[in-house]
Amino acid sequence: MAEKKKQERPAPEQNQPPEAPTTPQGGKYQKPRNLKATTLRVLKYMLYYHPWMAAATVFFTLLSSASGVAGMYVLRPIINGLTEAAMQGETVLPILLPGALALVGCYAVMAVSVYLQYHFLAQMAHRGCNRLRWDLFEKLQDMPLSYFDRHPHGELMSRFTNDADRVQSALDESPVALLSSILTVAATVVMMAILNPLLFLITAAVLAAVMFSFRKLGGLGRENHRQQQTTLGALNGCIQEDVEGLKVIKAFTHEQAARQEFNRRNENFRDATMRATFYTTVIFPVTAQLSNVGFAVTACVGGALALLAGFDVGGLVVFLGYTKQLSEPMNQISMQMTTLLSALAGAERMFAVMDAPPEQDEGKVTLVTAHRENGVLTEGAGEKHRWAWKVPQPDGSAQLVELKGEVRFHDVCFGYLPEKEVLHHIDVYAKPGQKIAFVGSTGAGKTTITNLINRFYEIQSGTITYDGINVQDIEKDSLRRSLGAVLQDTHLFTGTVMDNIRYGRLDATDEECIAAAKTANAHSFIRRLPDGYQTMVTGDGSNLSQGQRQLLAIARAAVADPPVMVLDEATSSIDTRTEALISEGMDALMEGRTVFVIAHRLSTVRNADAIAVIEAGRILEKGDHHALLEQQGRYYQLYTGQFRLT
C-alpha cells in the first residue's frame, strides 16, 4: 500500500497475485542485454515506412563526408602553388581563384548534403518511434492481468516516457552523426596514409590508444546507463503510488515513511546517474587529450620531414589539418556511441515488455446475434434480440447454442503461482437468471472466483462451463462481451459523463445511455452537474464523489446489457440512503440475468437464490438465506454478529 514503506510490506495475501522480485536497487530483474539484436530491431522500426529514406540518408552522408575530406585536400595544391609563386615572384591570382572556387564548391555540396541527411533521418526517427510506441501500447492490450500484477504501473509508464523519449532523441541525430564520423575517419585515414606513411603510423598509434580507451569506458557507460534507466523506472513507480495514495498517507500520518522511501529510491537513481554521467563525460576529455598529444608529435616529426626529407609544405599542412580534423569525428564517435547505447538500453526495456508472453486464447466458440425463425435458432438479427454461441463442429459446420447464462464451477482449483493453491475444489452452479452471492472474510477468495469466469486467470484443474461450453473453448473477446461487471475499484476515463456510460457499449445511443442512468438512479445527480451528461470527467472522476462514480459504473454495466453480471462490492461506496434508492434499479438490472454478487453487507444478499460462504479458498456452506440460518453455521454467526468478516 502507498502508506507503507516498500521494505515493510507484508507478504501477499493468500489469494492475491505475487509481486515480482526486485533488485537491491528496487528495479526489476532484466534479461541479459543483446546489443546486436536490439540494434537490428530498432533499425527495422526506422525502415518500417520508407526504406528508400535510409538509402538517401546514407548517400548524402557519404557525399558530405567525401566533400569535407576533399575540401581539406584542395588546400595542398593551393599552398604549394602559392609557395612556389611567392618564391619566383609571380602573381598568385591565377592559383588562388580556382582553388577558392573548388573550396566553395566542396563545402557547398557538404552543407546541402548535411541538411538532407538529417532531414531524412528525422523523418525515419519520428515515424519509427511513433510505430514503436503504438506496438508497445498494442502489446499491453494483449497482456494477461497477471503481468500487470507483477509490474508496477509507474514502471510500465516509464517505457512510454523516459525510454521512448530517450530512443527518439538519440535517433533524431546520433545515427547520421555516427555514420558521418566513421566515414570521415575512414576517408581521412586513407588520405593520410597516401600523403605520408611514416606520419600515418604515428597517427595510427594514437588512434589505437583512443579506441582502446573508448572501448573500456564505453562498456562501463553502457552498463551504468542501463542501471540508471532501471532505477528511474522504480522511482517513477514510487512517485505514482504515493501521489495516488496521498489521502491514505495523510490519513495514517505516514508522510515521514513516504519521504524515507522516496529518498531511498531517489538516492539510488542519483548514484546510478552520477556513475553513468561520469563515464559519459570522461570519454571526451580522455580521447581529446590523446588526440592533442598525437597532433603535437605529428607536427614535430612532419616539420623535420619537410626540412630534411623533402616533404612538401602543402602536404604537411593538409596532413596536420587531417590530424586535427580526425579528432573531431573521433570525439563524435565516442559521444554518439554513448548516446546510442543509452537509447538502446531504453529500447531494450521496451522490447522486454513487447517480448513478454501475451494472453493465450485458443477459444473457437464465438458470440453472435441470433433470432428464432419457425422455432429454429438462426444467426442474424431479428425482431427479438438474442445472443447465441457459435460452436464449430468437426465436419466444418457450426451449431448455435442459445446464450442463457448457465454457469457451473466443477472441482475448480486455482493458484496465482502453480505451487501455491488459493482456491480448493470449488463447486458452484448458477442456473439462468439466478442470483448467486459470495460472502466471507477479506482474502477468502471471493473476487478470485469471479475473475475466473471471464478468464482473467486460468485455472489449474477442474472445469468452468458457460451454457454447457467449457469457457476455455470460448474466444475471450466473446466471453467477456457476454459478461458485465461493476467492480469495487471504480475507474472512469477522461471524457464526458455520457462517454463514460457509453463505454459499456460503444454503439449505444444517447437515449440508451440515459435509460441506463435512470436504471441505476444516476440520472438525477447527473442532471444537477454543471453540464449534465456533457460534464467532463477528469482525473479518474476526481470531480465526482465516490458514490457518484460508483453509480456511473453501474449505469455503464446497465447499458452493456449482458446476460451475466458480476457485482463486486457494487454498493460498497454508496451510503445507506443511496443504496435504498438504487435497490429498485438494481433489481431491474438483474432481472432475467445470472448475477454473481460479492458483498460484505449481508443485508444486500438476503434475496439471493443461493449464498456461498467462502473461507481460505474453500466453500464452507451453500444455500439460501433461510436455509443457512437454520444450519446455524458460519453464515449464522456472520449474520448475527458472532463472527466478524476480517
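Begin by selecting strand S5 (residues 407–414) and strand S8 (residues 461–466), which pair in the antiparallel sense over 5 bridges. Two strands are taken as paired if DSSP finds at least two bridges between them; strands (E, at least two residues) and helices (H or I, at least four) are DSSP runs, numbered from the N terminus. The model is predicted, so local features need pLDDT of at least 70 and side-chain atom pairs count only at pLDDT 80 or more, whereas totals for chains, interfaces and linings use all residues. Residues are numbered from 1 along each chain as its sequence is written, and side-chain values use heavy atoms, with hydrogens and water left out.

**First stop: around S8**

Select arginine 408 and threonine 465: the threonine, in S8, is the bridge partner of the arginine. Threonine 465 also stands opposite asparagine 470 in S9. Strand S9 (residues 469–470) is joined to S8 by 2 bridges, and these strands run antiparallel. Continue into the turn of this hairpin, where 2 residues lie between S8 and S9. Aspartate 467, in that turn, has a positive phi of about 55°.

**Second stop: the sheet of S1 to S4**

Next, display the open sheet of 4 strands, ordered S2-S1-S3-S4 with antiparallel pairing. Strand S2 (376–379) and strand S4 (398–402) stand at its edges; each has a single partner strand, so one side of each is left without a neighbour in the sheet. On average, neighbouring strands here are turned by 50° against each other, direction ignored. Angles throughout this tour run from 0 to 180 degrees between N-to-C directions, and axes are lines fitted to C-alpha atoms, for helices over the stretch in contact.

Now select strand S3 (residues 386–392), which 5 bridges join to S4 in an antiparallel arrangement. Tryptophan 389 has valine 401 in S4 as its bridge partner, and proline 392 stands opposite alanine 398 in S4. The turn of the S3–S4 hairpin has 5 residues between the strands, and glycine 396 within the turn has a positive phi of about 95°.

Move to the open sheet of 6 strands, whose order is S10-S13-S14-S7-S15-S16 and whose pairing is mixed. Its edge strands, S10 (483–486) and S16 (618–623), each pair on one side only. Neighbouring strands of this sheet are turned by 20° against each other on average, direction ignored. Strands of a sheet pair through backbone hydrogen bonds, either parallel or antiparallel.

For a parallel pair, select strand S7 (residues 435–440) and strand S15 (residues 610–615), which are joined by 5 bridges. Phenylalanine 438 stands opposite alanine 612 in S15.

Which helix lies across S10 and strand S13 (564–568)? Helix H17 (residues 546–560) does, running at about 175° to S10.

Angles under 35 degrees count as roughly parallel, over 145 as roughly antiparallel, 65 to 115 as roughly perpendicular and the rest as oblique. H15 passes H17 in a right-handed crossing; a crossing is right-handed if the near helix is turned clockwise from the far one by less than a right angle, and left-handed if anticlockwise.

Contact here means heavy atoms within 4.5 Å. Glu512, Cys513, Ala516 and Ala517 of H15 meet Ala555, Ala558 and Val559 of H17. By class, this contact has 6 nonpolar, no polar and 1 charged residues. Ala, Val, Leu, Ile, Met, Phe, Trp, Tyr, Cys and Pro count as nonpolar, Asp, Glu, Lys and Arg as charged, and the others, Gly among them, as polar.

Select helix H7 (residues 174–195) and helix H11 (residues 313–354): their axes come within 8 Å and cross at roughly 150°. That makes H7 roughly antiparallel to H11. The crossing is left-handed, and the residues of the contact divide into 18 nonpolar, 10 polar and no charged.

Then select helix H8 (residues 197–244) and helix H10 (residues 255–308), which pack at an angle of about 170° with their axes 8 Å apart. H8 and H10 are therefore roughly antiparallel to each other. Their contact comprises 27 nonpolar, 18 polar and 4 charged residues.

**Last stop: a salt bridge**

How many salt bridges does the structure hold? There are 22, each a side-chain nitrogen of Lys or Arg within 4 Å of a carboxyl oxygen of Asp or Glu. One of them joins aspartate 135 to arginine 131, with the closest N and O atoms 3.2 Å apart. Aspartate 135 and arginine 131 are separated by about one helical turn, because they are 4 residues apart in helix H4 (residues 93–141).
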